[in-house]
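Please open the structure in a viewer and keep the selection tool at hand. The tour moves from one selection to the next.

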Amino acid sequence: MIRLERITKTYGGKKALNSVDLTLDKGKMIGLVGENGSGKTTLMKVIAGLITPSGGKAEVDGIPVTRKIASKIAFMPDIDLFYPYFTVDELFRFYESQYEDFNYDKANIVAQFLNVDRNSQLKKLSKGNRGRAKMAATFGREADYYLLDEPFSGFDPMVRSDIIKGMIQFTDPSQTVFLSTHEIREAEPLLDEIVLLSGGQIVAHKELEAIREQDGMDAVAWMTKIIKEGESVGK
Amino acid sequence: MSIDFSADKPIYQQLIDRITGEIIKGHVKPGDKLPSVREYAVEVGVNANTMQRVYRELETMGITETKRGQGTFVTEDHVRLEQLRDEMKEGLVQSFLSNIESLGFTKKEIIDHIQKRGLGGEQ
């Protein structure tokens with residue numbers, strides 16, 4: 001379980017995260033949504049141990065989050081990273097050298113599922129295929145938690161669909177996926193829960209099927225409604 | 001392929017409708033094996049927990065049976081499948097009736113129209 005208590009992160013007097021309380025259960029696919037600048041990436045990086053919060057407490061399975069938490073959490077950043085001259089296979093070997101939980105065979109199975117050629121250099125792959133390779137490297141790790149920052153952004157619908165199918169195929173009921181996205185409509189069928197961040201605060205956290213059953217609307221309509229209500233209260 | 005879900009109904013419910021629809025249409029036959037939860041989840045692009053719920057509900061409804069170690073199969077209970085067909089028919093008629101009522105048509109007016117179409121041999 002990931003647990004955040006009153007997490008605050010201040011950058012030069014500005015609060016990127018403002019007293020965030022959040023619990024993420026095991027075995028769930030959870031989406032993090034919110035407008036640009038709402039604090040999504042900061043929140044992800046706090047959980048991944050890449051940013052030290054200015055205040056509050058962050059724990060993963062009862063262990064306080066530090067940089068070492070990377071051994072439990074597979075974090076996939078939003079940037080087109082990696083050494084461009086690596087082949088996909090070399091990328092996997094690099095991951096293998098960095099992470100104890102990396103399963104080279106699994107990474108290859110994911111790559112095959114996503115139709116990525118292992119022997120191609122990353123710089124020679126299309127953007128979509130580099131995204132698939134990044135995904136294969138991330139899911140090659142047998143981590144309890146996958147933290148994916150904008151896994152769909154910048155990809156065409158084909159790649160997005162492949163990434164979604166890969167996530168379903170290569171996670172099991174004991175693993176948790178926490179992903180940030182703007183593609184709410186596309187991600188909705190994939191998710192159990194949705195967390196809505198606005199101005200560095202969590203304004204809602206709900207099960208998606210409950211939104212449909214109780215509020216009679218889909219996630220996009222629900223998010224729009226909550227943000228509008230927030231604006232009218234703020235005025 | 002992934003499928004498009006409408007916004008007004010839970011996704012698990014839409015998947016139940018989809019599977020029962022396939023059975024009614026005869027695309028999936030009594031005794032046929034359904035894909036595993038994960039296979040089906042990957043195929044339509046939904047969460048495995050949602051798909052697990054779909055399979056559980058179908059079994060509770062008596063539409064499918066799970067055989068230990070073998071998988072999930074469409075029931076061969078023809079009485080139950082006939083009943084499912086009736087339920088679906090009733091559901092269609094019910095939603096049709098509330099549609100025409102909301103627009104102010106009377107049932108009689110509509111029945112007359114259907115009969116006229118039928119007699120005229122229009123498609």
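This is a predicted model: local features need pLDDT of at least 70, side-chain atom pairs count only at pLDDT 80 or more; totals for chains, interfaces and linings use all residues.

Residues are numbered from 1 along each chain as its sequence is written, chains are lettered from A in the order in which they are written, and side-chain values use heavy atoms, without hydrogens and water.

**The two chains.** Colour by chain: the contact (heavy atoms within 4.5 Å) takes 21 residues from chain A and 22 residues from chain B. Together the chains bury about 1,600 Å², counted as the accessible area (1.4 Å probe) that two parts lose on being put together, summed over both.

**The cores.** Select A:F92, A:M167, A:L190, A:W222, B:L15, B:M51 and B:V54, the residues with the most contacts inside the largest nonpolar core, which has 75 residues. Such a core is a set of buried (under 20% relative accessible area, 1.4 Å probe, protein chains only) Ala, Val, Leu, Ile, Met, Phe, Trp, Tyr and Cys residues joined through side-chain atoms within 4.5 Å. Centre on A:L190, whose contacts include A:M29, A:F152, B:G45 and B:N47.

**The largest pocket.** Finally, select A:R185, A:E186, A:P189, B:I3 and B:D4, the closest to the pocket centre among its 18 lining residues. Lining residues have an atom within 4 Å of a point of the pocket, an open set on a 1 Å grid over the protein atoms alone where a 1.4 Å probe fits, with protein on both sides within 12 Å along at least five of seven lines.

Notes
Buried means under 20% relative accessible area, exposed over 50%, partly exposed in between (1.4 Å probe, protein chains only). Lists of a residue's contacts leave out its neighbours within four places in sequence.
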